[in-house]
Amino acid sequence: MSVAPDASIPELDVRRLLCPIPVIRTQDRVKTMVPGALLDVLATDPGVLNDLPAWCRINGHRVVATDRRDGTIVVRVEVGGAAS
Amino acid sequence: MNTEQVEIRPGETPPRRRRALALVSGGLDSMLAVKVMQAQGIEVEGVNFYTGFCVEGHTHAIRERDRKKPKRNNALWVAEQLGIKLHIIDISEEYKNVVLYPQYGYGAHMNPCLDCKIFMVNKATLMLRQAEDLAEQCAADGDGFDFIITGEVIGQRPKSQLKWTMPLIARESGAEDRLLRPLCAKNLPPTLPEREGWVDREQLHSITGRSRAPQMALAKAFGLEEYAQPAGGCCFLTDESYSKKLGDLWQARKRKDYDLDDILLLKIGRHLRPRPHFKLIISREAGETEFLQGYRYQFSSFEMVSHGGPLTLIDGEFESEEEALWAASIVARFSQGREAEEVTMTWQAPKGVGKLLKVKPMPADDIPKEWHVGGT
Ligand code: SF4
């Protein structure tokens, strides 16, 4: 599913970092966010395509959509009710 | 499930469900330890510590041939199978002290397993205390953890998992008797969760030794059909070649130290040290070349122009231009122009100023094996 760029959605830039660091950074960022908020994670490690959805499922968050923009993988995460 | 009946008198609150924090590595043992607890009605959450030396993930992301394998973070996958939350915590910075100055020394290679276990259990203990404090502050009983579990088995690992190291880890980590090893607990004195009756000791296990058969049988009993390949392979510090590269790095720098980029780069490419004062990190394929590109602002580099070939990072400084040409001829050996009379490549400073070099590739026989740090 494509992720239309949206300037109102905060971005987390984890490009060039290798898994699980993108997951760790997402986890730390999500802790500071309120339920229902959206976050665009920008990554280059294709591992995020498996690991971020798994992390979201475990912790009650949701991957709304994923996309590729100019070599960057964008994963849009919706913070769940019980932020971990 | 624990079916024990508890009598609650009017006005009394029912006893809360006990909660354990599990060290989840992604392997079978920690998976089984969680299962054993869940079978007793204990609520479990997992914690996985990122040291920087973890094998999975990194090489997958970099090397083409590894990219084709299904990619997953085993700790996350295990947590999902078990239906538990997982906290992944970056301890890479603090972990340096463990790797650089292990009080109990190294294992077969640069693996400081005993210190590592103490450190990880200690971190989990701190989490347990923080959770307790938080629960007290919020007056919301039930948020904290009561004890820690690990998948340790006596005799499984030659250094860190011995009968005498078990109490040592419990003591030195500060976890004391809140540390329970469900897979071998019956061979150890009862811990607090057992004495308090939160956990039934009779339903714990007494696995010992290096054989994996008891774990396989237990996995079968739990109906677990898929799990990560057990024992070893999860930490680069147990790898001989990697450990040699790390030792070489310390020797060349004349000090024991590293940062995250250093230890990441040790996982990538061929490492050749033709002279004590410089090392060549030569990519082996397109995925590695792409990854090393990201380091060109930090290192000077060679890049082939006339032929296809690797990108090379230069860790150190050449003493003269002649030496740079000589090093370029070594690198040319690993390019598609290895049989050519002459190849061209750029020699680029970290922030971009480049020079064209023309060299004759060095014959293979002139490249001694000893230059290959940690083997070819
Ligand atoms: S193998 Fe690595 S992660 Fe595991 S205990 Fe030893 S040093 Fe620690």
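Read along its sequence, chain A of this predicted model follows the pattern β-α-β-α-β-β. In other words, the secondary structure of chain A comes to two helices and four strands. With a radius of gyration of 11 Å, close to the 12 Å that the globule rule gives for 84 residues, chain A is as compact as a globular protein of that length. If you picture the C-alpha trace of chain A along its principal axes, it spans about 35 × 25 × 20 Å.

What about the inside and the outside of this chain? Of the 84 residues in chain A, 51% are buried; here, buried means under 20% relative accessible area. Chain A exposes about 3700 Å², and carbon and sulfur atoms supply 52% of that area. The contacts tell us how the chain is joined up: among those in chain A between residues at least 6 apart in sequence, 67% join residues at least 24 apart.

Both chains carry a domain annotation from UniProt. For chain A, the record, an unreviewed entry, gives "domain: UPF0033".

| Span | Helix | Strand | Distance between end C-alpha atoms |
|---|---|---|---|
| Residues 11-78 of chain A | 32% helix | 37% strand | 12 Å |
| Residues 269-371 of chain B | 19% helix | 33% strand | 14 Å |

Now let us turn to a sheet in chain B. In what order do the five strands of this open sheet lie? The order is 3-2-1-4-5, and the pairing is parallel. At the edges are strand 3 (86-90) and strand 5 (179-180) of chain B, each of which pairs on one side only.

Strand 2 of chain B, residues 43-50, pairs with strand 3 of chain B in the parallel sense, over five bridges. To find a spot along the sheet, look for B:Tyr50, which stands opposite B:Asp90 in strand 3 of chain B.

Finally, a word on confidence. The model scores ipTM 0.88 and pTM 0.87. Chain B averages a pLDDT of 89, and 89% of its residues score at least 70.

How values were computed. Residues are numbered from 1 along each chain as its sequence is written. Chains are lettered from A and ligands numbered from 1 in the order in which they are written. This is a predicted model: local features need pLDDT of at least 70, side-chain atom pairs count only at pLDDT 80 or more; totals for chains, interfaces and linings use all residues. Side-chain values use heavy atoms; hydrogens and water are left out. pLDDT is the predictor's confidence in each residue, from 0 to 100. UniProt positions are given in the numbering used here, feature names are shortened, and annotations may be inferred rather than shown by experiment. The radius of gyration is taken over C-alpha atoms; the globule rule is 2.2 Å times the number of residues to the power 0.38. Buried means under 20% relative accessible area, exposed over 50%, partly exposed in between (1.4 Å probe, protein chains only). Contact means heavy atoms within 4.5 Å. Accessible areas come from the Shrake-Rupley method with a 1.4 Å probe; for residues, only the protein chains shown count as cover. Two strands pair if DSSP finds at least two bridges between them.
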